Amino acid sequence: TKKLFKDRDDFWRLICGIIAILGFLLIWHFGTNGTRLGEIMPGPIVILKSFFEAFTQKTAGYTIFGHTFWSLSRVLVGYSVACILGISLGLLMGRYRLAEAIFRPFYEMIRPIPPIAWISLAILWFGLGETMAYFIIFLSAFNNITINVFMGTKSINQELVGCAKMLGANEAQVFRTVVIPATIPYIFAGMQIGISSSWAAVVAAEMVRSSKGLGFLIVSGMDINNISQIFVGILAIGIVGFLLATIMRGVEGKLCQWNVRGK
């Protein structure tokens with residue numbers, strides 16, 4: 001059946017993914033075992049041992065859970081603000097020509113600038129506190145969310161809008177019953193990209209100046225020449241980033257079952 005085929009497809013994807021990861025770890029192990037490469041980079045067994053030890057051993061007063069919590073809390077603040085403002089601006093620019101004429105020139109000037117390029121100005125404006133990190137995270141998510149919502153609003157079939165108006169719907173009702181529902185898949189697409197870019201941005205912000213967080217964990221490992229600690233931070237970033245993207249995809253699948261996008 002169709003459902004069985006999908007289950008088999010998912011099963012083989014999982015098997016192929018496991019084989020690929022195991023193959024990479026084997027290449028890494030033999031590439032660093034008794035070679036010159038092993039003198040500058042530890043093997044996967046050493047890294048995994050250090051990673052699991054980080055759950056109980058503290059670095060700068062926190063275990064790996066504590067550093068991950070601080071990074072996630074910073075992402076939550078900046079990402080939440082970016083979702084509110086990005087979705088609102090994208091809908092306004094996509095639906096109303098006046099809003100597009102006013103805001104799009106400014107947005108198009110800001111959008112190509114990498115969030116990391118704002119770090120120097122963010123330090124001057126907000127200092128080296130938490131607000132600087134929030135600002136960088138906000139920018140990284142805001143750009144992705146806004147452009148996706150804007151393009152989604154622009155792609156709405158205008159015949160649906162016309163039919164709603166013919167049935168007596170006013171502008172507010174059209175916006176609520178036609179525009180927003182039709183844009184929801186694009187909103188989730190932007191939010192999914194935004195959460196990934198936010199997670200990358202928080203690491204960059206923490207590497208500038210911080211005393212806690214996964215970015216700090218990497219920088220402090222570099223300062224004391226502890227390569228295992230650097231890899232522990234990198235591994236934690238990859239795992240949490242994967243989980244965040246998976247959770248967002250699952251939420252989208254539950255709330256938008258009527259519009260399931262391809263895997």
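Predicted model: local features only at pLDDT ≥ 70, side-chain atom pairs only at ≥ 80, totals over all residues.
Spanning residues 214-223, H9 is mostly covered, with eight of its 10 residues buried. The buried set runs through Leu214, Gly215, Phe216, Leu217, Ile218, Val219, Ser220 and Gly221. These residues pack against three other helices, namely H3 (64-95), H8 (171-208) and H10 (227-255). Just past the end of H9, asparagine 225 adopts a positive phi of about 60°.

Of these neighbours, H10 can be described in some detail. The axes of H9 and H10 lie 7 Å apart, and the two helices pack at an angle of about 160°. Angles over 145 degrees count as roughly antiparallel, so H9 and H10 fall into that class. The crossing of H9 past H10 is left-handed. On the H9 side, the contact is made by Leu214, Leu217, Ile218, Ser220, Gly221 and Met222, while H10 brings in Gln229, Ile230, Val232, Gly233, Ile234, Ala236 and Ile237. Sorted by class, the residues of this H9–H10 contact come out as nine nonpolar, four polar and no charged.

H10 also holds serine 228. Its relative accessible area is 16%, and since buried means under 20%, serine 228 counts as buried. Leaving out residues up to four places away in sequence, serine 228 touches Pro42, Val46, Ile47 and Ser50.

The C-alpha atoms of lysine 212 and phenylalanine 69 are 9.4 Å apart, although the two residues are separated by 143 residues in sequence.

In soluble globular proteins, nonpolar side chains tend to be buried together. Here, the largest nonpolar core takes in 53 residues, and Tyr79, Ile136 and Ile145 have the most contacts inside it. At least two residues of this core come from each of H3, H5 (119-126), H6 (130-154), H7 (158-166), H8, H9 and H10. Isoleucine 136 is in contact with Pro115, Trp118, Ile119, Ala122 and Ala201, once its neighbours within four places in sequence are set aside.

H6 also packs against helix H4 (residues 97-110), with axes 11 Å apart and an angle of about 140°. H4 and H6 are therefore oblique to each other, and their crossing is left-handed. From H4, the contact draws on Glu100, Arg104, Tyr107 and Ile110; from H6, on Phe142, Asn143, Thr146, Ile147, Phe150 and Lys154. By class, this H4–H6 contact has five nonpolar, two polar and three charged residues. Set side by side, the contact of H4 with H6 has three charged residues, whereas that of H9 with H10 has no charged ones.

Methods: Residues numbered from 1 in each chain as written. Heavy atoms only, no water. Buried < 20%, exposed > 50% of the residue type's maximum accessible area, 1.4 Å probe, protein only. Helix = DSSP H or I, 4+ residues; strand = E, 2+ residues; numbered from the N terminus. Contact = heavy atoms within 4.5 Å. Core = buried A, V, L, I, M, F, W, Y, C linked by side-chain atoms within 4.5 Å. Axes fitted to C-alpha atoms, helices over the stretch in contact; angles between N-to-C directions. Parallel < 35°, antiparallel > 145°, perpendicular 65-115°, else oblique. Left-handed = near helix turned anticlockwise from the far one by under 90°. Nonpolar A, V, L, I, M, F, W, Y, C, P; charged D, E, K, R; others polar.
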